[in-house]
Amino acid sequence: MIEARHLRVLRAVATTGSFSAAARELGCTQPAVSQQMKALEASAGTPLLIRTGREMRLTQAGEALVRHAAGILAGLTAAEEEVAAIAGLRAGRVRLVSFPSGSSTLVPGALAALRAEHPGTRVSLVEAEPPRSVEMLREGDCDVALAFRYEARRATPGDTRAGAPAEDWDDLVVRPVLADRLVGLVPEGHPLAEAESVTIGEFADEPWIAGCPRCRRQLVDVCEGAGFVPRIDFATDDYPAVIGLVGAGLGVAVLPELAIESVRPRGVRTVTVEPPVRREIVALTLPDLAQVPAVAATLDHLARAAAR
């Protein structure tokens, strides 16, 4: 295998015309130059220099290698500089995937802080709900996933059903971001609109507006734990639509606080739901990617985003 350091010595010998002059240029000893040239000729499998007294000239193979060496060494230098820039966060690219309410609340502040601290780092953003976003991370389609999972439901008296198991993230690096509590939404003028807190069972006879498929499953699980099956009249993935339907008096809903923060609610009141139900918001990446400086910086800023 031809090594870059041997090519640098060959170029110096070709330029200066002798081992001693090449040694002076490279800042090493003449025996060191001679040893490296022998190693290069052994790797090439053919003589590269013809020694005649004090003079040296290149063989045809030596001339070919010197001709290519300039481009090889220039490319290697460029590669070293680019890697150094990435390692020093003067450059780099991160592919981020986030669920919609995270994109509108946590992501903007995190990316603004990242750009201010490391302007050479570029971040691209696409949206996907978990578990699809986690699949994208494992499949190599993104570098960081802002995702969430709901807490397993705690059993209530007389409830024999176990809570749903949490997703298996043991193969991933998990950075906690926020514990996002679900709150109830009722129309203004609803009998429970002024309540300090409510139990989910107090909504047993209400029509419901449900959110994304994953949130719908969580809603049904929580309601069944309280002893009833919710009557879902409307279902939509769009949080502003959920709030609008509640505001029009068409039903009640529970949404994460983060989702409400991303919308200006009109015609609705929020009420605290007891016992609390939370979803865990996290930034995920693969163990090897966590060692990449730009990815590590992105994780750090997402983890700090909730505190801003």
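Tutor: Start with salt bridges: a search of the whole structure finds 13 of them. The term means a side-chain nitrogen of Lys or Arg within 4 Å of a carboxyl oxygen of Asp or Glu. This is a predicted model, where local features need pLDDT of at least 70, side-chain atom pairs count only at pLDDT 80 or more, and totals for chains, interfaces and linings use all residues. Residues are numbered from 1 along each chain as its sequence is written, and side-chain values use heavy atoms, with hydrogens and water left out.

Student: What does arginine 269 pair with?

Tutor: Its partner is glutamate 194, with the closest N and O atoms 2.6 Å apart. Arginine 269 lies in strand E11 and glutamate 194 in the loop between E6 and strand E7 (197-199), so the pair ties together parts that are 75 residues apart in sequence. Helices (H or I, at least four residues) and strands (E, at least two) are DSSP runs, numbered from the N terminus.

Student: Is glutamate 194 buried or exposed?

Tutor: Use the cut-offs: buried is under 20% relative accessible area, exposed is over 50%, and partly exposed is in between (1.4 Å probe, protein chains only). Glutamate 194 has 62%, so it is exposed. Arginine 269, at 33%, counts as partly exposed.

Student: Which residues does the salt bridge of arginine 231 involve, and how far apart are the closest atoms?

Tutor: Arginine 231 bonds to aspartate 233, with the closest N and O atoms 2.8 Å apart. Arginine 231 is partly exposed at 47%. Aspartate 233 is partly exposed too, at 37%. Shared partners also join Arg132, Glu135 and Glu139 into one network of salt bridges. Within it, arginine 132 and glutamate 139 have their closest N and O atoms 3.3 Å apart.

Student: Now helices. How do I read one side from the other?

Tutor: The general idea: an α-helix has 3.6 residues a turn, so residues three or four places apart point the same way. Take helix H3 (residues 30-44). Its buried residues are Val33, Ser34, Gln36, Met37, Leu40 and Glu41. They cover an arc of only 165 degrees around the axis, which puts them on the same side of H3. That arc is taken from the directions from the helix axis to the C-beta atoms.

Student: Which residues of H3 are exposed on the other side?

Tutor: They are Pro31, Gln35, Lys38 and Ala42.

Student: What do the buried residues of H3 pack against?

Tutor: They pack against helix H1 (4-16), helix H2 (19-26), strand E1 (49-52) and helix H4 (60-87). Contact here means heavy atoms within 4.5 Å.

Student: How do I check the length of H3?

Tutor: The expected span is 1.5 Å times one less than the number of residues. For the 15 residues of H3 that gives 21 Å, and the end C-alpha atoms are 21 Å apart, which agrees. Glycine 45 follows H3, with a positive phi near 80 degrees.

Student: Which residues are buried in helix H8?

Tutor: In H8 (residues 239-247) they are Tyr239, Val242, Ile243 and Val246. Their arc is only 95 degrees around the axis, which puts them on the same side of H8. Just after H8, glycine 249 takes a positive phi of about 80 degrees.

Student: How should I read a core?

Tutor: In soluble globular proteins, nonpolar side chains tend to be buried together. A nonpolar core is a set of buried Ala, Val, Leu, Ile, Met, Phe, Trp, Tyr and Cys residues joined through side-chain atoms within 4.5 Å. The largest one here has 55 residues, and Leu146, Leu185, Ile200, Phe203, Trp208 and Ile281 have the most contacts inside it. Helix H10 (residues 293-305) gives the most to this core, with six residues. A second, separate core of 16 residues includes Val13, Val33, Leu40 and Leu73.

Student: Last, the prolines. Which peptide bonds are cis?

Tutor: One runs from proline 130 to proline 131, with omega near 10 degrees. Proline 131 sits in the loop between strand E4 (121-127) and helix H6 (132-138). Another runs from glutamate 274 to proline 275, with omega near -10 degrees. Proline 275 is in the loop between strand E11 (268-274) and strand E12 (278-285).
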